[in-house]
Amino acid sequence: MAKYNYLIIGGGIAGTTAAETLRKKDAVSSIAIVSDEPHPLYSRVLLSKVGILNGEKPLDSVFLKNQAWYDTNKITLISGTTATGLNAAAKKVTLSGGKDAEYDKLLLATGVHAKKWTVTGAEKKGVLHLRGLDDMKALIEAFRTKKHAILIGSGFVSFEIAEVLRSLNINTTLVMREKYYSEPVLSEAEGKMIEKNLEDHGVVIKRDMEVTEVLGDGVVTGVLLRDGTKLDCDMVLSMIGIMYPIQWLRSSGIKLNTGIVTNEFLETSLPNVWSAGDTTEYFDKVLKEPFMYGSWMNARAQGETAALNMTGKKTELRVVSFQTSNGFGNTIGITGDIRVLPGRTVINRSSPIDNSHCRLLIKDGVIVGATIINRVQELATISRLIKEEVNISAKLGEMGSAKFDLKTLVPTF
Amino acid sequence: MANLKEYPRTKEGSNIGKIVVDRDLCIAASSCIAIASETFELDGESKVIVKDANIIDDDTLMMSVEACPTKAIFLFDKNGTQVFPK
């Protein structure tokens, strides 16, 4: 059985950043990454972007590492392999294909999977989703010949895919359970801005609606909606969200909640086991409560922080998570914790002239999160105010004006 | 050989003295432009260029390069030490 000083489960940005950081700190220890995909590290956030998903640029442009990088850094990439069990007492991970591995220190960086769509007919040819590179290849192939798409879900990936579909002149009907776009991540006003954007570009939106059956004899020819309407289509793009792959860890005794529970050092409840990336439910030192956030930048920060802790350098994870999404020339930005919970004040900063909007969430006089449309220039300032826990109580009355300069709230400015 | 393009930054009070774009790594994801449209734009080859290295504050600049999915933009401090990626 192979034994590694550092074993990393997951070859995405969290796991690979961890391996890279470990190697920088430790030139001699053995490091291995187990990945269930057959690829070296690639940019997941690019998979839904115009330029890539419409087939304009070569597929190779999504790769961030090649095999030579793993070889040069003496990082063993065990690809196409799934971890199926963990025995922390024996310091052993069971792998698919009988290639079990022992470790001194283990990092769980599995990321998330696309949620399985369980509606009748979901197995038919022409029902597609997007999580990994191979999913993207299937989409690009479908986009070459298909003309009528049903797009399901009102997340950011849908928003980006809608632009790709329209740029390829594919008829697009968006079916969403929500009453407005991205409810409740965005406010209703913001969701309506995105909807107008989509509709202006020819996307038909079915709100508060669900597909109850995918029609067709083995191959998709249409969908049936909850209200009995039948829509013709030749592909269905199911972008209904994510699930956390933690089932394989149930028998290990590791503390699980929605994800893998860790402290601010990304240590799990088991000795010598850390967690990083989208499936980590870490103690957020900024919010002072357990938090999960699936974003590229956060996953990379977690990979780095976990690796430092694995080498014995105690390092707190302290990040304000942000992400942006672009579609049809509009940008959505999110930073911090955007849950509208009891006790939180909401301030809307709206400027209809330039079609921009910003919603601030405030708790105990401190900004904890924000959603932003077409005002991303405010993203960094807001993130800093969140991180530094600047008390903005004195300015609450003025902040509702879109003209109020948030930078004046930063103490050092 | 990396295809690097350097942009000096002379903004007063800034800790960042130079922005460097690796044109081979840039794939026009435009994440940096989404956050700092006053600073970055795409040129005719769909590569990011810096149109104004001094216009934005350090926080926004750091955030815009952190957002890059390919880590194509590097920041250096006034002493020439690389500050991102670390």
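The model is predicted: local features require pLDDT of at least 70 and side-chain atom pairs count only at pLDDT 80 or more, whereas totals for chains, interfaces and linings use all residues. Residues are numbered from 1 along each chain as its sequence is written, and chains are lettered from A and ligands numbered from 1 in the order in which they are written.

**View 1. Secondary structure and dimensions of chain B.** Chain B contains two helices and six strands, arranged from the N terminus as β-β-α-β-β-α-β-β. Chain B has a radius of gyration of 12 Å, close to the 12 Å given by the globule rule for 86 residues, and is therefore as compact as a globular protein of that length. Helices (H or I, at least four residues) and strands (E, at least two) are DSSP runs, numbered from the N terminus; the radius of gyration is taken over C-alpha atoms, and the globule rule is 2.2 Å times the number of residues to the power 0.38.

**View 2. Burial in chain B.** Of the 86 residues in chain B, 43% are buried (20 or more other C-beta atoms within 10 Å of the residue's own, with C-beta atoms placed from the backbone).

**View 3. A three-stranded open sheet in chain A.** The strand order is 17-19-20, with mixed pairing (two strands pair if DSSP finds at least two bridges between them). Strand 17 (260–261) and strand 20 (289–291) of chain A stand at the edges with a single partner strand each, so one side of each lacks a neighbour in the sheet.

**View 4. Strands 19 and 20 of chain A.** Strand 19 (residues 280–284) runs antiparallel to strand 20, and three bridges join them. A:Tyr282 has A:Phe291, in strand 20, as its bridge partner.

How values were computed: Buried ≥ 20, exposed ≤ 12 C-beta atoms within 10 Å, placed from the backbone.
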